There are 2 protein chains.
Amino acid sequence: MLNFDFYAPARIVFGRGTQKQAGPLVREYGFKKILLHYGGGSIKKSGLYDEVTASLKAAGINFVELGGVKPNPRLSLVHEGIALCKKEGVELILAVGGGSAIDSAKAIAMGVYYDGDVWEVYDQHKPIKKALPVATVLTIPAAGSESSGDTVITNEGTQRKYGYGSPKLRPLFSIMNPELFFTLPKNQIANGVADMMSHIFERYFTNTLHTDLTDGLCESALKTIMGNALKVIKDPRDYDAWAEVGFGGTVAHNGLLGMGRAQDWACHGMEHELSAYYDVAHGAGLAVLTPGWMAYVYKDNPNMFLQFAVKVMGVEKSFREPEEIIREGIARLGDFFKKMGLPARLSELGIGEEKLELMAKKCSGAADGPEHPIGGLKKLGWQDILAIYRSVK
Amino acid sequence: MLNFDFYAPARIVFGRGTQKQAGPLVREYGFKKILLHYGGGSIKKSGLYDEVTASLKAAGINFVELGGVKPNPRLSLVHEGIALCKKEGVELILAVGGGSAIDSAKAIAMGVYYDGDVWEVYDQHKPIKKALPVATVLTIPAAGSESSGDTVITNEGTQRKYGYGSPKLRPLFSIMNPELFFTLPKNQIANGVADMMSHIFERYFTNTLHTDLTDGLCESALKTIMGNALKVIKDPRDYDAWAEVGFGGTVAHNGLLGMGRAQDWACHGMEHELSAYYDVAHGAGLAVLTPGWMAYVYKDNPNMFLQFAVKVMGVEKSFREPEEIIREGIARLGDFFKKMGLPARLSELGIGEEKLELMAKKCSGAADGPEHPIGGLKKLGWQDILAIYRSVK
């Protein structure tokens with residue numbers, strides 16, 4: 001086990017009716033003026049907007065609003081939010097939505113105190129000293145942003161999509177009511193599940209030894225998410241199954257499952273290129289890339305993938321032919337994604353050969369200067385990335 | 001799954017050499033005057049005291065000291081600590097030790113701001129408004145107090161041992177270096193393991209349905225702790241095994257594993273009586289009581305215990321005779337405790353029949369007024385408690 005520093009302070013207020021606690025919770029922490037940050041019309045159509053604003057008003061909280069967050073949230077709206085927070089003296093940003101609204105809120109939160117364009121933080125990994133507190137009412141379990149300190153923003157001017165993480169960006173509290181997930185379209189459910197599973201995979205697949213505890217936690221969380229995801233895709237009003245998937249998504253990305261382990265993050269890196277150039281859903285891109293990545297890298301640590309196939313995918317065959325088991329495990333993961341209605345090929349996402357080499361070179365940095373290979377279990381240069389892209393064309 | 005409110009903000013700084021970060025960490029949070037709180041001579045003998053105080057001095061932190069914490073920490077020392085903190089203007093309490101030092105530090109931390117005798121908080125469950133921040137350097141993995149908001153104090157005047165919990169008592173940060181556990185006596189190792197396992201059992205055994213995620217996390221954590229505990233009891237210098245047991249002890253009690261589940265806590269309640277009247281080690285008392293409790297209550301929820309026997313204890317027999325499996329599971333737990341050198345009978349702890357009825361009545365409150373049955377999976381009145389005590393005489 002490696003040395004580590006674990007810090008996951010986000011308070012999770014979970015269960016039926018909890019969106020009505022938004023106002024009392026903001027008041028409990030002593031904030032009086034907040035920014036309500038959200039996406040499009042879905043929270044207005046569902047009535048969630050009315051419930052949250054009623055709760056804020058009843059608690060005597062003043063708020064200003066900024067809607068319009070889109071999937072793969074844009075830098076321009078972040079700039080708008082920073083100006084609004086400064087002008088209005090906002091003390092906390094309450095994001096109501098999925099990962100996009102929350103990531104956008106985090107960008108605004110640090111931009112308020114950042115001296116310069118906040119894009120520099122993403123682009124040049126500039127350290128931040130301070131950020132406004134962020135809280136959330138989660139409507140899509142997927143990104144784990146409700147407890148993580150991570151944010152991903154797309155600079156639509158340069159077509160770059162970069163992530164940034166800081167303990168200062170961990171939300172103060174997050175409200176999660178699985179009932180709010182009942183009306184999600186099936187493709188969003190599936191994309192979310194692929195995203196949270198990938199958050200576990202990126203931590204799980206490692207060359208670090210002596211990680212029994214987090215191995216087991218990763219395996220339990222993956223099995224729980226997969227088992228219950230098939231239930232919610234069949235019946236999106238299954239509260240109990242959503243509760244497992246929803247809380248699973250939080251645990252997947254609050255940091256715990258990766259403690260003491262070298263992590264990977266190659267699939268996330270490769271997917272960010274797809275989303276930046278083609279605006280595909282992050283989860284859909286991950287569902288395509290992950291089995292391809294596994295097939296490309298497993299020979300570098302076959303026993304890690306044997307463990308995955310046996311303990312997560314439940315493959316029961318003779319260990320004397322481990323590659324059989326590994327390939328079966330990867331195939332079962334592909335079958336699971338298919339059952340969820342997720343794509344298996346880049347072509348299904350409208351991605352052809354055209355930009356594959358460019359994206360591979362952007363991904364490893366080779367397009368812009370010296371190459372920085374990605375990944376942990378196996379280091380991948382742009383040729384490797386291109387080979388993986390092509391393997392799932 | 002039940003609604004829940006999860007909050008585990010304690011930062012865990014984990015790994016080799018981390019005790020040397022004590023000073024820099026205190027400085028990072030901006031504190032200048034702290035109380036160093038610890039037990040007896042072991043941290044002086046081991047050199048840990050020197051390392052921590054050198055680190056504090058190098059970081060420019062002023063500190064006053066209060067040693068002398070004993071197992072089952074006493075109220076009188078807490079009173080002394082409160083007076084000292086007030087007099088010296090202490091801003092943070094750094095506990096260096098195991099659960100006793102940390103629990104004592106938490107009592108002092110809230111006593112500083114409590115208007116009256118802090119024992120009222122334990123005795124009458126008075127709410128607290130504020131507490132000094134507490135940080136820890138953990139020397140015994142067991143109580144989970146390094147991340148929990150819980151504290152247990154013994155009033156030596158009245159022989160009462162009560163617990164209290166508040167989110168305000170969650171430590172700011174805890175330093176855990178498994179190397180510090182190398183010199184623990186084997187009985188302390190075993191007691192600690194029994195304690196952390198019990199923290200999981202108290203959450204795991206439930207009548208709540210739809211708890212796949214936390215079921216799996218509990219089972220993984222239990223298996224990891226048991227597997228690695230047998231290694232450290234054989235070789236107390238096995239860093240990798242200690243890392244699993246140590247971090248396992250934190251995860252066992254930071255709250256996560258109990259979220260959304262009705263919890264039990266009958267064994268802890270029954271054990272607190274043993275410790276209050278006989279001053280036995282908490283873990284040793286739990287090792288005696290837990291299998292007795294299981295045998296007494298399993299008929300109220302046999303499938304829960306079937307799951308335990310199969311998934312945690314690895315019993316492989318026909319499900320068509322579930323009681324066989326359950327009894328085998330409980331027996332294997334007893335065997336595990338025996339291998340760890342833990343007692344199986346109250347007589348081994350020097351406890352005879354004399355006070356069993358008194359302790360049973362104190363435990364359920366029947367000795368002092370109307371009875372408040374304990375436990376979650378099965379409600380236990382004093383006769384039940386007495387029957388369990390007698391079953392493990």
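Residues are numbered from 1 along each chain as its sequence is written, while chains are lettered from A in the order in which they are written. Because the model is predicted, local features need pLDDT of at least 70 and side-chain atom pairs count only at pLDDT 80 or more, whereas totals for chains, interfaces and linings use all residues.

A rotation of 180° with 0.0 Å of shift along its axis places chain A on chain B with an RMSD of 0.0 Å, where the superposition is by least squares on the C-alpha atoms of residues with pLDDT of at least 70 in both copies. The two copies are thus related as by a two-fold rotation axis. Among the residues of chain A, Pro9(A) comes closest to that axis, its C-alpha lying at 1.9 Å.

The contact between the chains takes 34 residues from chain A and 34 residues from chain B, two residues being in contact if their C-beta atoms, placed from the backbone, lie within 7 Å. On the side of chain A that touches chain B, the elements giving two or more residues are strands S1 (4–6) and S2 (11–14) and helices H8 (212–234) and H9 (239–253) of chain A; helices (H or I, at least four residues) and strands (E, at least two) are DSSP runs, numbered from the N terminus. H8(A) gives the most to this side, with ten residues. Of the interface residues of chain A, 100% are also interface residues in chain B, so the copies meet through the same surface.

The strands also link the chains, for S1(A) pairs with S2(B) in the antiparallel sense over three bridges, a pair of strands being counted if DSSP finds at least two bridges between them. Within this pairing, Phe6(A) has Ile12(B) as its bridge partner. The two strands belong to an open sheet of seven strands with mixed pairing, in the order S1(A)-S2(B)-S9(B)-S6(B)-S5(B)-S3(B)-S4(B). Its edge strands, S1 of chain A and S4 (62–66) of chain B, each pair on one side only. Further along the sheet, S6(B) and S9(B) pair in the parallel sense over four bridges, and Val137(B) stands opposite Ile175(B) in S9(B).

Finally, helix H5 of chain A (residues 99–111) is mostly covered, since 13 of its 13 residues are buried, that is, 20 or more other C-beta atoms, placed from the backbone, lie within 10 Å of a residue's own.

Terms used: Buried ≥ 20, exposed ≤ 12 C-beta atoms within 10 Å, placed from the backbone.
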